[in-house]
Amino acid sequence: MRSVFSLILLVVIGAGVVFTLSSIPFGSTSSDVGEYYIDSGRADTGATNIVTSVVVGYRAFDTLGEVTVLFVAAIGLGAILAAGRENEEKKKAEWEPASLVLYTGCRFLFPLILLFGAYVFIHGHLTPGGGFQGGAIIASAFLMVYLGCRKKRISKTWARNTESISGLVFVVTGLTGLAVGGHYFLSNFLPEGTLNTLFSAGIIPIIYIAIGLKVGSELTGVIDDLIEESE
Amino acid sequence: MIIIVTLIVAIMLAAAISVVFFKDLLSAVIASCLVSLFASILFLFLQAPDVAMAEASIGAALITAIFMIALRRTRRYEE
Amino acid sequence: MSFLQNNIYYIGAFGLILIGLLIVLVKHNLIKVIIGLSIMDTGINLFLIAIGYLRNGTAPIFSSPEVESVLMVDPVPQALVLTAIVIGVAVLALALSLAIRLYKHFGTLDLRKIKELKW
Amino acid sequence: MVNPVLLIAVPLGLAFMVPLIDSASRKLTRFVPVAALMFNLILCIRLIPAVLENPIVINLGGFTPPFGINLFVGPLGLLFAGLISLAGLVVSIYSLSYIKNGPVVKYHMLYMLLLTGATGVVLTGDLFNLFVFFEILCISSYALVAYHGDRAGIESSIKYLIQGTVGSGLLLIGIGFIYGIFGTLNMADIAMKIATVEQSTLFVPMILMVAGLGVESAIFPLNAWLPDAHSSAPSSISAILSGIAIEVGLYAVARIVFTVFGISDIYLFFAFLGILTLLIGEMCAFAQSNIKRMLAYSSIGQIGLILFALALATNNTVTGGLFQLVNHTISKGLLFLSAGYMIYRSGSMEISSLNGMGKRMPLTSLAFTVGAFSLVGLPPFAGFPGKFLIVSGALLKGQMVINILVGLVLLSTVIEGTYFFRVIQALYFKDGNGERKRAPATAVTAMITLMILIVALGVYPKFLADFLSSASSDLLDKMSYVGSVLK
């Protein structure tokens, strides 16, 4: 009964979608907004990666909201896992130690992955990648340490402080733009510099570094909370 | 080119459908990881390297890891 | 062939969305429902990117300052999808933490067996 | 002039700062939401004169719409922002003493972010930005519903999460279609271009978006999660979810249907949907023996009534609907807050366990009574002008169908009155045992503030009604919206 109803619902949705898609032919739509970004993105924001100039320039407010979404989820996850944990006794499960090869490999790779993550978010305005990707790479480095070196843990306070300071940097950068840079929230108040060099694009690298650190520490915190729960 | 894309889409949909039938949740998680991985290749074909990177690192790697940690704490097989 | 050329990405995207919805609607295991949500998210992302594609366009990145902006795919959907991916992982992590709690309380992940609240 | 973006930026900055404040002093974190919402309330009041003259349009990052994101602060947006900060402030004072157990710091952060998300939704002028803020609102409410970590909380939070996530997925698909068709995400830009496209192509995106937002705003048949979530959340959160979250969802639906699409052929459909939601909500509420579930179902009914009023789309009914919305936020907040303490004292949510509460907790019972009277629409309280405006405005339309619907509205009011009087009867005219105890000072402050507001609005509705009538033209006058954004 329920599956029949679900199938009917899906067929109806599918039919509606097919009908509407016929007015959006694949591969030929070009929007005015998108063309404008491609034409003047470099002049407006100084970033050569137009996706970055949209994410951190034109639509930076979205990105602020999105960082907040991740922040909310991390706090919420912590709250849910913490509620009700108080009245359970802590039982420490014994982890089977990892083999020497795995252990050494993880310790060797860990700084390299961190470095790669940092590279990805520092060069966000020049090459593909940016704060989110870099942050995720950093979090995966910590995940690898958790899996390979078992007993190693990051310091909770350290992660939390990184998270909140980088979030603050984002907001304060925006407010500085409001105060000095043409009186718009999140507007660029730094010189744009030479195109295609590392020190260019005004506030974009600052914001992307803040996002990278924030996303990295938040995802690490999420993984840390979940692993702790499963012990 | 179009043949490769068709093949990838077919594998992706097959992996997605197989989630319905797996009794072992770990296999279901791996199948969804496969979906993300192939989606990230499609993003690359669609000229979206930024998104491909994000999908590969977040969708395929981190989400799978989080799912596995959660499975460790709950039950591996669907009753 | 031209049908495939025009529609294969849309087929993939909406195939994933509908399969994801189907899993959410008919399966009773919470982890599977969450997997269904994640598949649906992937489908939506693919759909958004496919909307912004321009045939024979290149990625919207200027490798050197001299390059002319001839034919590039639309950067806006890509920016949106970056956001959507992160939102997706946030929701998933929250859902899985709820699943862990649920299992602790009820000893099962089967949504049919969890009937604390009447409707 | 102050910049309205501070309404969002300052609470966000404070929320990011909370972990740092926490490591300095744990006591201080509880007062962060109070401070932030106080700031927002003052800002909103200071913005009123400027907004009444001309809506304020803020371009973020200095890019002109449709290329950048803009905030649109018209009378309607400001009304909602003010209501959010007012109700948020009162409830945050209440929760200072109400929330004692569990991860308290996380509670206050989530609470503040929930209200920030809601403020973002009502102020933004960009579709995708609306989606992002909507997610902030939804995700923090999923987490807060499960705050106590008990069985009911976890279960209802999961139901809420699954339905909410599917809803936001549908919303995102709808936004994708809209972008594919119009090539823009700015709401004013879309509203301007809407006439260039055939109406039939717009049907599916609109249904998807309304369905997605309808999950959060609890429009029938998408409201299965609401009674569970609102009844198992902590009472302070129930007050916010009923008073703010679903209203904000309704705002988003109204903004998209009336301002962005503005296809007047379908308004009658929404009126029917509203009446259906109203009747189902009130009838289910009548059948409940659990007081919080009763209040939750009554919220569904009120949302239906407001949707009906908005869908009639005349200046009078929309003003009445918005008046009813303000009244619902305040009185439902008051009801949940007072019920919260009564449940806390009696230890049970059953209505029968509240017998004789009128003697044991006189002030709390009085607060409940005032809230109930106001919600039903009795004259000296804030509920009366709203319902009166809705009914008289609807009758002025003079259509047979609408007259029948108005009859159903009156019928539902009778049902509503019956079940509320049942509770009041239990409070005052039945004997129960237990000692006399007072609620803490913070809770008393919160409840008295809300009671004063209800009476004040009931006695002097003129001040608010004038503001609401310009808010209603903000919602209905599409051309001036487009004109003020795209200069």
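So, charges in chain C: the mean positions of its 9 positive and 6 negative charges sit 25 Å apart. Here Lys and Arg count as positive and Asp and Glu as negative, with His and the chain ends not counted; each charge is placed at NZ of Lys, CZ of Arg, CG of Asp or CD of Glu. For chain A, there are 15 positive and 19 negative side chains, and the centres of those two sets are 10 Å apart.

Quick housekeeping. This is a predicted model, where local features need pLDDT of at least 70, side-chain atom pairs count only at pLDDT 80 or more, and totals for chains, interfaces and linings use all residues. Residues are numbered from 1 along each chain as its sequence is written, chains are lettered from A and ligands numbered from 1 in the order in which they are written, and side-chain values use heavy atoms, leaving out hydrogens and water.

Back to chain C. It has three helices and zero strands, where helices (H or I, at least four residues) and strands (E, at least two) are DSSP runs numbered from the N terminus. Chain C has a radius of gyration of 20 Å, well over the 14 Å that the globule rule gives for 119 residues, so it is more spread out than a compact globule. That radius is taken over C-alpha atoms, and the rule is 2.2 Å times the number of residues to the power 0.38. Along the principal axes, the C-alpha atoms of chain C fill a box of roughly 65 × 35 × 20 Å.

What share of the residues of chain C counts as buried? Of the 119 residues, 71% do; buried means under 20% relative accessible area, exposed over 50%, and partly exposed in between, with a 1.4 Å probe and protein chains only. Chain C exposes about 3,700 Å², and carbon and sulfur atoms supply 58% of that. The areas are Shrake-Rupley, again with a 1.4 Å probe, and for residues only the protein chains shown count as cover.

Now chain A. It has eight helices and zero strands. Its radius of gyration is 22 Å, while a compact globule of 231 residues would be near 17 Å. The C-alpha trace of chain A spans about 60 × 60 × 35 Å along its principal axes. Buried residues make up 56% of chain A, and it exposes about 9,600 Å², with carbon and sulfur atoms supplying 70%.

On contacts, meaning heavy atoms within 4.5 Å: take those in chain A between residues at least 6 apart in sequence, and 68% join residues at least 24 apart. For chain C, that share is 50%.

Zooming in on one residue of chain A, Phe170(A) belongs to helix H7, residues 156-180. Is Phe170(A) buried or exposed? Buried, at 2% relative accessibility. Beyond its neighbours within four places in sequence, its contacts include Ala60(A), Leu64(A), Leu186(A) and Ile211(A). Tyr208(A) is 38 residues away from Phe170(A) along the chain, and their C-alpha atoms are separated by 8.9 Å.

Over in chain D, Leu366(D) is in helix H16, residues 362-376, and is partly exposed at 41%. Apart from neighbours within four places in sequence, Leu366(D) is in contact with Tyr428(D) and Met451(D). Leu366(D) and Tyr428(D) are 62 residues apart in sequence, with 9.8 Å from C-alpha to C-alpha.

Some backbone geometry to check. Pro65(D) and Pro66(D) are joined by a cis peptide bond, omega about 5°, and Pro66(D) is in the loop between strand S1 (56-59) and strand S2 (70-73) of chain D. The bond from Phe220(D) to Pro221(D) is cis too, with omega near 0°; Pro221(D) is in the loop between helix H9 (199-217) and helix H10 (226-232).

There are positive phi values as well. Gln47(B), not a glycine, has phi of about 65° and is in the loop between helix H2 (25-45) and helix H3 (49-73) of chain B. Ala313(D), also not a glycine, has phi of about 55°, in the loop between helix H13 (291-312) and helix H14 (315-346) of chain D.

How many disulfides are there over all chains? Zero, from a search of the whole structure, taking a pair of cysteine sulfur atoms within 2.5 Å as a disulfide. For Cys33(B), the nearest cysteine sulfur is that of Cys106(A), 18 Å away.

Last, the assembly. Five pairs of chains are in contact, and chains A and D share the most contacts. Chains B and D have no contact joining them, and their closest C-alpha atoms lie 15 Å apart.
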